[in-house]
Amino acid sequence: MTPKADTSVHDPIIDVRGLTKTYASGFQALKTIDLQIRRGEIFALLGPNGAGKTTLISIICGIVNASAGSVSADGHDIVRDYRAARMKIGLVPQELSTDAFESVWATMRFSRGLFGKPRDDAYLEKVLRDLSLWDKKDNKIMTLSGGMKRRVLIAKALAHEPSILFLDEPTAGVDVELRHDMWEMVRRLRENGTTVILTTHYIEEAEDMAHRIGVINKGELILVEDKATLMRKLGKKQLTLQLQAPLERIPEGLSSYPLELTGDGATLVYTFDAQAEETGIAALLRRLHDQGIDFKDLHSSESSLEEIFVSLVHRGREARA
Ligand SMILES: Nc1ncnc2c1ncn2[C@@H]1O[C@H](COP(=O)(O)OP(=O)(O)OP(=O)(O)O)[C@@H](O)[C@H]1O
């Protein structure tokens with residue numbers, strides 16, 4: 001990887017300002033996005049299906065046109081200075097769409113050539129070795145396993161030595177081992193100075209790797225935060241109790257607890273802070289017993305990202321109302 005002259009984190013490597021996107025269908029996929037990515041960071045963009053993650057990445061990578069606003073990549077405006085901006089960026093898409101009949105090696109050489117970069121077989125060899133693909137270099141892509149094809153996508157995106165790498169759902173549907181290999185690879189890239197932006201549905205992925213996290217929902221960037229701060233906010237767990245007999249409402253004696261009655265009154269959900277020393281579960285169960293409320297089953301779970309997004313958006317709407 002090329003050494004980076006400027007490693008300052010204050011100078012954004014990606015600068016997105018007032019970006020909006022309305023597709024030809026009239027659907028507004030992005031609503032005024034402002035986002036600065038720091039040089040050398042791993043940034044995770046989280047959001048439920050259809051939130052606008054791929055649209056945002058596609059605009060930054062010059063695949064989709066913005067309706068308004070501007071983006072610069074390493075100082076180059078992605079419209080006025082498209083070639084220079086694109087040269088800085090490697091994109092690992094969700095799916096492999098072409099090159100099935102080509103060998104891994106030919107695909108790499110071709111990708112590098114597309115960006116007008118001089119031949120550098122030693123560099124390409126290093127990329128393939130780092131991704132455990134070297135022994136497959138002469139294989140046609142169609143003969144590789146799904147996991148290997150994923151690695152090829154990454155290798156291809158790195159062929160022209162970009163300083164910014166976008167990974168769109170890098171580990172969706174891959175097995176645990178490959179997921180860990182990919183995380184390892186992302187860390188190595190970062191150590192070499194590459195800025196990595198990934199989209200994911202997996203909270204562990206963001207938790208494990210990202211320095212900062214952006215949450216996008218319905219085309220709005222609802223927050224951008226350092227990971228540690230966000231994890232504290234998201235660190236909620238839930239205890240779900242299946243009641244023996246449905247309740248009409250939460251009894252007075254339990255009103256001090258953050259409880260919610262769902263499933264026609266037959267399910268009681270208690271939300272608590274996973275990081276807190278006292279979860280309050282023991283006291284709650286005692287209180288339920290005192291109130292004569294019996295349950296037949298209970299389980300605890302961490303709120304899914306989708307639930308967290310919904311609650312974030314909900315809160316945002318309430319705050320605006
Ligand atoms: N070419 C298009 N024309 C019209 N609407 C589109 C087009 N591409 C995407 N959309 C819509 O824009 C919204 C955002 O889509 P996008 O693919 O950016 O979401 P995403 O966050 O990447 O979702 P996922 O996690 O499912 O990949 C969706 O409602 C989608 O249906």
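This is a predicted model: local features need pLDDT of at least 70, side-chain atom pairs count only at pLDDT 80 or more; totals for chains, interfaces and linings use all residues.
**Stop 1: the ligand**

Start by selecting the ligand and showing the residues around it: Y23, S25, F27, A29, G47, N49, G50, A51, G52, K53, T54 and T55. Which helix gives the most to the shell? Select residues 53-60 to see helix α1, which gives the most, with three residues.

**Stop 2: a pair of helices**

Next, hide the shell and select residues 104-114, which form helix α3, together with residues 146-158, which form helix α5. The axes of the two helices lie 8 Å apart, and the helices pack at an angle of about 30°. Angles under 35 degrees count as roughly parallel, and α3 and α5 are therefore roughly parallel to each other. Turn the view to look at how they cross: α3 passes α5 in a right-handed crossing.

Now show the side chains where the two meet. From α3, pick V104, T107, M108 and S111; their partners in α5 are V152, A155 and K156. By class, the residues of this contact divide into four nonpolar, two polar and one charged.

**Stop 3: helix α9**

Finally, move to residues 281-290, helix α9. How many of its 10 residues are buried? The count is one, and the helix is hardly covered. Before you leave, click on G292, which follows α9: its phi is positive, near 75°.

Terms used
Residues are numbered from 1 along each chain as its sequence is written. A residue is near a molecule or strand if its C-beta atom, placed from the backbone, lies within 6 Å of it. Helices (H or I, at least four residues) and strands (E, at least two) are DSSP runs, numbered from the N terminus. A residue is buried if 20 or more other C-beta atoms lie within 10 Å of its own, exposed if 12 or fewer, and partly exposed in between; C-beta atoms are placed from the backbone. Axes are lines fitted to C-alpha atoms, for helices over the stretch in contact, and angles run from 0 to 180 degrees between N-to-C directions. Angles under 35 degrees count as roughly parallel, over 145 as roughly antiparallel, 65 to 115 as roughly perpendicular and the rest as oblique. A crossing is left-handed if the near helix is turned anticlockwise from the far one by less than a right angle, and right-handed if clockwise. Two residues are in contact if their C-beta atoms, placed from the backbone, lie within 7 Å. Ala, Val, Leu, Ile, Met, Phe, Trp, Tyr, Cys and Pro count as nonpolar, Asp, Glu, Lys and Arg as charged, and the others, Gly among them, as polar.
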